[in-house]
Amino acid sequence: MAKKNRKIASRGYRAFRVCNVIIMILLMVVILVPILSVVVNSFVSAAEIARRGVFILWPEEIDIGSYQYLWECRGNILRAYGNTLFRTVVGTALSLIVTAMMAYSLSKKYLKGRVVINGMVFFTMLFGGGLIPTYMVVKMFGLIDSLWSMVIPGMVSAWNMFIMRNFFYSIPESLEEAALIDGANQAQIMIRVTLPLSKAVLATIGLFYAVGHWNSWFDAMLYINTSTKLPMQNILRNIINSVSDLEALGSEQFELMDVKPASTSLRCAVIVITATPIIVVYPFVQKYFVKGVMIGSVKG
């Protein structure tokens with residue numbers, strides 16, 4: 001009887017594995033096909049798009065007109081890349097430092113007023129001041145038309161702080177007690193004990209901040225007035241809009257262009273250029289990603 005039950009369980013497990021593999025393959029296709037279509041469309045000519053439509057998985061002929069047009073705009077794009085790298089690197093570093101300091105403090109149960117401070121932070125997740133008050137605060141501090149306007153106002157995310165705080169809850173208090181006995185203060189405990197044990201959550205939260213800074217464009221549209229200070233997302237958005245407008249109007253300027261990329265192909269090329277750096281960085285932090293999110297979400 002037991003042997004028969006094991007045999008039935010074995011068959012059920014094999015059926016589950018087969019169904020699981022099929023579902024995973026289908027999900028992979030659903031995810032990869034649009035990505036492949038975007039990459040392929042960036043190498044498709046305007047004539048082929050007009051003839052075959054925008055959903056193309058294999059081009060009849062490779063056309064690099066969109067990348068040639070972006071290369072002609074390389075001065076603005078490289079400058080915008082520099083602005084984006086500044087806000088991504090500096091913004092992520094400052095956000096991690098401030099978030100870690102705040103999360104470490106609020107993870108200590110003996111901190112006076114901890115419940116009140118936690119409540120105030122949580123309140124910001126439910127209610128915001130609004131666009132106009134935020135703009136007035138940024139203007140009052142003299143950050144308008146400054147690269148720091150894209151870094152300082154959104155330096156700390158309440159959600160990320162709570163994830164990191166809950167991760168710090170999982171670190172045994174005995175380690176802190178041992179460090180205190182050895183004469184370490186709270187700053188030394190945080191830097192030498194807590195943070196070295198928190199690589200998973202630091203990598204996870206760092207990725208969240210980095211992707212947010214890399215993809216953000218709305219704050220730059222509000223606060224930046226000088227075109228040379230705009231990040232990459234805004235510059236490429238302006239390039240797409242300018243080509244689309246010229247193409248739609250049939251203007252003489254568009255007809256005089258040496259390279260006439262299709263607006264759809266240009267959009268896809270822009271997506272490839274903007275997404276590639278994050279795709280390259282992600283595999284290096286992926287091993288920390290799931291661990292950091294899961295521990296930070298279930299502990300405490």
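Reader: Among contacts in the protein chain between residues at least 6 apart in sequence, what percentage join residues at least 24 apart?

Author: This is a predicted model, in which local features need pLDDT of at least 70 and side-chain atom pairs count only at pLDDT 80 or more, while totals for chains, interfaces and linings use all residues. Residues are numbered from 1 along each chain as its sequence is written, and side-chain values use heavy atoms, with hydrogens and water left out. A contact means that heavy atoms lie within 4.5 Å. Among contacts in the protein chain between residues at least 6 apart in sequence, the share joining residues at least 24 apart is 73%.

Reader: How many helices and how many strands are there in the protein chain?

Author: Helices (H or I, at least four residues) and strands (E, at least two) are DSSP runs, numbered from the N terminus. From the N terminus on, the elements run α-α-α-α-α-α-α-α-α-α-α-α-α-α. The count for the protein chain is therefore 14 helices and 0 strands.

Reader: What percentage of the residues of the protein chain count as buried?

Author: A residue is buried under 20% relative accessible area, exposed over 50%, and partly exposed in between, with a 1.4 Å probe and protein chains only. The protein chain has 300 residues. Of these, the share that counts as buried is 35%.

Reader: Is Leu70 buried or exposed?

Author: Leu70 is found in helix α3 (residues 65-72). Leaving aside neighbours within four places in sequence, Leu70 is in contact with Ile77, Leu236, Ile239, Leu266, Ala269, Val270 and Ile273. Leu70 and Leu266 are 196 residues apart along the chain, with their C-alpha atoms separated by 8.4 Å. Because the relative accessibility of Leu70 is 4%, this residue counts as buried.

Reader: How far apart in space are Asn160 and Gly206, C-alpha to C-alpha?

Author: Asn160 has its place in helix α7 and is buried, with a relative accessible area of 6%. Not counting residues up to four places away in sequence, Asn160 touches Thr99, Ile205, Phe208 and Tyr209. Asn160 and Gly206 are 46 residues apart in sequence, and their C-alpha to C-alpha separation in space is 9.4 Å.

Reader: What is the volume of the largest pocket?

Author: On a 1 Å grid over the protein atoms alone, a cavity is a set of points where a 1.4 Å probe fits but cannot get out, whereas a pocket is an open set with protein on both sides within 12 Å along at least five of seven lines; lining residues have an atom within 4 Å of a point. Grid points are joined across faces, edges and corners, and a volume is the space filled by probe spheres set on the points. For the largest pocket, this space is about 590 Å³.

Reader: Which element gives the most to the lining of the largest pocket?

Author: Of the 18 residues that line the largest pocket, the closest to its centre are Thr124, Thr134, Pro153, Gly154 and Val156. Two elements give two or more residues to this lining, α5 (114-126) and α6 (131-140). With 3 residues, the element that gives the most is α6.

Reader: How many charged residues are in the lining of the second largest pocket?

Author: Ala, Val, Leu, Ile, Met, Phe, Trp, Tyr, Cys and Pro count as nonpolar, Asp, Glu, Lys and Arg as charged, and the others, Gly among them, as polar. The lining of the largest pocket divides into 12 nonpolar, 6 polar and no charged residues. In the lining of the second largest pocket, 10 residues are nonpolar, 2 are polar, and the number of charged residues is 5.

Reader: Which element supplies the largest share of the lining of the second largest pocket?

Author: The second largest pocket has a volume of about 320 Å³. Among its 17 lining residues, the closest to its centre are Ser107, Lys108, Ile171, Glu173 and Glu176. At least two lining residues come from each of α7 (158-169), α8 (173-181) and α9 (186-194). The largest share, 5 residues, comes from α8.
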